[in-house]
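Me: Can you help me learn to read the bonds and charged pairs in a protein model? I'm new to this.

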Amino acid sequence: MAEKANFYDAVYRLVREIPRGRVMCYGQIATILGCPRAARAVGYAMRASGRKADVPWQRVINYKGRISAKNDVERPMLQRVLLEAEGV
């Protein structure tokens, strides 16, 4: 469990470094963290972030350059609004 928490913390640290108006995909984050096959785990970390004010979750998109919308209606719309406000 601690390993998962450490991975999530590493994801959050990296996502906090994504500049306003820029995005990264789940796979890029996983690769930078040394776990190139952990894109899905990055997605789980982003969902678990609980929309922390200091984690710009909206800047993380899928490998196709699109917003991922798994079983959620409001979050993708909010992500689009937030990204458009940043000029993306």
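**Bridges and cysteines**

Reply: Let's start with Glu 86, which is buried, at a relative accessible area of 12% (buried means under 20%, exposed over 50%, partly exposed in between, with a 1.4 Å probe and protein chains only). Keep in mind that this is a predicted model, where local features need pLDDT of at least 70, side-chain atom pairs count only at pLDDT 80 or more, and totals for chains, interfaces and linings use all residues. Residues are numbered from 1 along each chain as its sequence is written, and side-chain values use heavy atoms, leaving out hydrogens and water.

Me: Which residue forms a salt bridge with Glu 86?

Reply: A salt bridge puts a side-chain nitrogen of Lys or Arg within 4 Å of a carboxyl oxygen of Asp or Glu. Here Arg 20 pairs with Glu 86, their closest N and O atoms being 3.9 Å apart. Arg 20 is exposed, at 58%.

Me: How many salt bridges are there in the whole structure?

Reply: Four. One of them joins Asp 54 and Arg 16, with closest N and O atoms 3.0 Å apart. Another is Arg 80 with Glu 84, at 2.9 Å.

Me: And how many disulfides does the structure hold?

Reply: A disulfide is a covalent bond between the sulfur atoms of two cysteines; the cut-off is a pair of sulfurs within 2.5 Å. This structure has zero.

Me: Why is Cys 25 too far for a bond?

Reply: Because its sulfur is 15 Å from the closest cysteine sulfur, in Cys 35. Cys 25 is buried, at 14%, while Cys 35 is partly exposed, at 30%.
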